Amino acid sequence: MGATIISPTFLSAYLLLLCLVCSLKEGYAMGRRATVAESHHLEHSHTIQVSSLLPSSICSLATKVLDKKSSLQVVHKHGPCSQLYHHDKANIPTHAEILLQDVARVKSIHSKLAKSLGSTKVDQTDAANIPAKDGSVVGSGNYVVTVGLGTPKKDLTLIFDTGSDITWTQCQPCVGTCYKQQDPVFAPSLSSTYSNISCSSTTCNSLASATGNTPGCSSSACVYGIQYGDSSFSVGIFAKEKLTLTSTDVFDDFLFGCGQNNQGLFGGAAGLIGLGRDKLSLPSQTASKYRKYFSYCLPSSSSSTGFLSFGYGGVSKFVNFTTLTTISQGTSFYGIDIVGISVGGKKLPISASVFTAGGSIIDSGTVITRLPPTAYTALSSEFRKLMSQYPKAQPLSILDTCYDFTKFSSVSVPMISIFFRGGVEVPIAAKGILYVNTISQVCLAFAGNNDDTDVGIFGNTQQKTLQVVYDGVGGKLGFATGGCS
């Protein structure tokens, strides 16, 4: 039987059919790849309603009630939940001014960590003698809590700052100047539990490490002085007094600065609570009760509330801990090891040595996270790639990756995670990825340092809604998502 011969007509029709099947398969594969890529993008992005980006003018109180026993409410000093906001609406800084203050704070942190600084003698009458290089950090942060001081107790609204050690408040009489504050200025003469620290005591000498200045002496009373890099300062008598954190948590003989000459950008707050690592900080002075264990949650916007808690109560079961490190020259700061960053579910190819060159700290008073420039460039270029569908906007101060969302009702923003030593991944909340000036200028809320050897800073915008847990005795720092709204 002879070989079957296929007719040319059949062959060309058959080949046409094969091509059609191939192209359908290829089209299906391409479509599937596009669908997979799209679903990967959606899976690793936040969908944000544009109207929700701007803070409300009405305060919405936190729905989560913590173990109230050792917990204080945290509010943003420039938001409607703060009495300071209603007290001085006219002087609320613009976003450009806030970012300029942030630059000054970061510069002062970098200069403090870059060199060992000589301390300076304090003169009570001449606060201007304290040099700006004294080693305290500028600006003081955006978040405030209210505590009680003295007997009878007087409530004071104070900024809390993990980058500072000494706690101080303005006191009567103001020997130099006192800036305008919302609470009545504390009057030590009206408290039965107030007493000065003697300038010959070892307690007085311990001020040098907490303030960077050698203490002074006025009529045998110890004089402290602290200056921040923007030429804000507080000078006065170092004293002890009863501190009331909550109705059940009261501490006698708490060491603090009673400021009689104070000046600066404290936004109407009565002073500052130092949460750093020095022995004069609040966690160290209350260590017998709380074992240097505290946590806070910064609210997602200036129109909602968070908390600051002391001790083990109210800490999430889902906290992941990384190791705290110590930065040379800056032993008060809480050092951390950042090891990587992911954007849109993709780990960026950044060498570990980029992060170790300068080390990093966590700071409640720095607004914008600062990364080594090599890491920031990788982050911003990947972010821009995934945000290419949105029109660009002008840079805002130090923020160079900005977008105009005016024509959108909702936007899709890639998720960002920061990785810390010990395999700890911290997903940044949607409100912690963006810094909003107006809807037409919404920026990636990260910035690069000048050099890879400058210390990196994990700032407060990126900490929003995280419960951040400090275990000073255990030498650990923990993060849990969904700590507050």
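## A buried aspartate

Aspartate 363 has a relative accessible area of 0%, so the residue is buried. In this predicted model, aspartate 363 sits in the loop that runs between strand S21 (360-362) and strand S22 (369-371).

Two polar contacts involve the side chain of aspartate 363. One, of 2.9 Å, is made with the side chain of arginine 105. Another, of 2.5 Å, is made with the side chain of threonine 366. When neighbours within four places in sequence are left aside, the contacts of aspartate 363 include Arg105, Ile109, Asp161, Thr162 and Gly163. Ile457, Phe458, Gly459, Asn460 and Gln463 are also among them.

## Confidence of the model

The average pLDDT of the protein chain is 87, and 84% of the residues reach at least 70. Residues 33-37 have a pLDDT below 50, and beyond near neighbours in sequence the model gives this stretch one contact. Residues 116-121 also stay under 50 in pLDDT. For residues 116-121, the model has 19 contacts beyond four places in sequence.

## The disulfide of cysteine 59 and cysteine 81

The model has seven disulfides. One of them joins cysteine 59 to cysteine 81, with a distance of 2.0 Å from S to S. The torsion about this S-S bond is about 100 degrees, so the disulfide is right-handed. Cysteine 59 belongs to the loop between strand S1 (45-49) and strand S2 (71-76), while cysteine 81 belongs to the loop between S2 and helix H2 (83-87). The pair therefore ties together parts that are 22 residues apart in sequence.

Cysteine 59 is partly exposed, at a relative accessible area of 29%. Cysteine 81 has 13% relative accessibility and counts as buried, because the cut-off for buried is under 20%.

## Two further disulfides

Cysteine 171 and cysteine 258 are joined by a disulfide, S to S 2.0 Å. This link is left-handed, with -100 degrees about the S-S bond. Cysteine 171 lies in the loop between strand S6 (168-170) and strand S7 (195-196), and cysteine 258 lies in strand S12 (residues 250-263). The pair links distant parts of the chain, 87 residues apart. Both cysteine 171 and cysteine 258 are buried.

Another disulfide joins cysteine 199 to cysteine 217, with an S to S distance of 1.8 Å. Cysteine 199 is in the loop between S7 and helix H4 (202-205), and cysteine 217 is in strand S9 (residues 216-218), so the pair ties together parts 18 residues apart in sequence.

How values were computed:
Residues are numbered from 1 along each chain as its sequence is written. This is a predicted model: local features need pLDDT of at least 70, side-chain atom pairs count only at pLDDT 80 or more; totals for chains, interfaces and linings use all residues. Side-chain values use heavy atoms; hydrogens and water are left out. pLDDT is the predictor's confidence in each residue, from 0 to 100. Contact means heavy atoms within 4.5 Å. A disulfide is a pair of cysteine sulfur atoms within 2.5 Å. Helices (H or I, at least four residues) and strands (E, at least two) are DSSP runs, numbered from the N terminus. Buried means under 20% relative accessible area, exposed over 50%, partly exposed in between (1.4 Å probe, protein chains only). A polar contact is a pair of N or O atoms within 3.5 Å; within protein, one must be able to donate a hydrogen and the other to accept it, and residues adjacent in sequence count only if both atoms are side-chain atoms.
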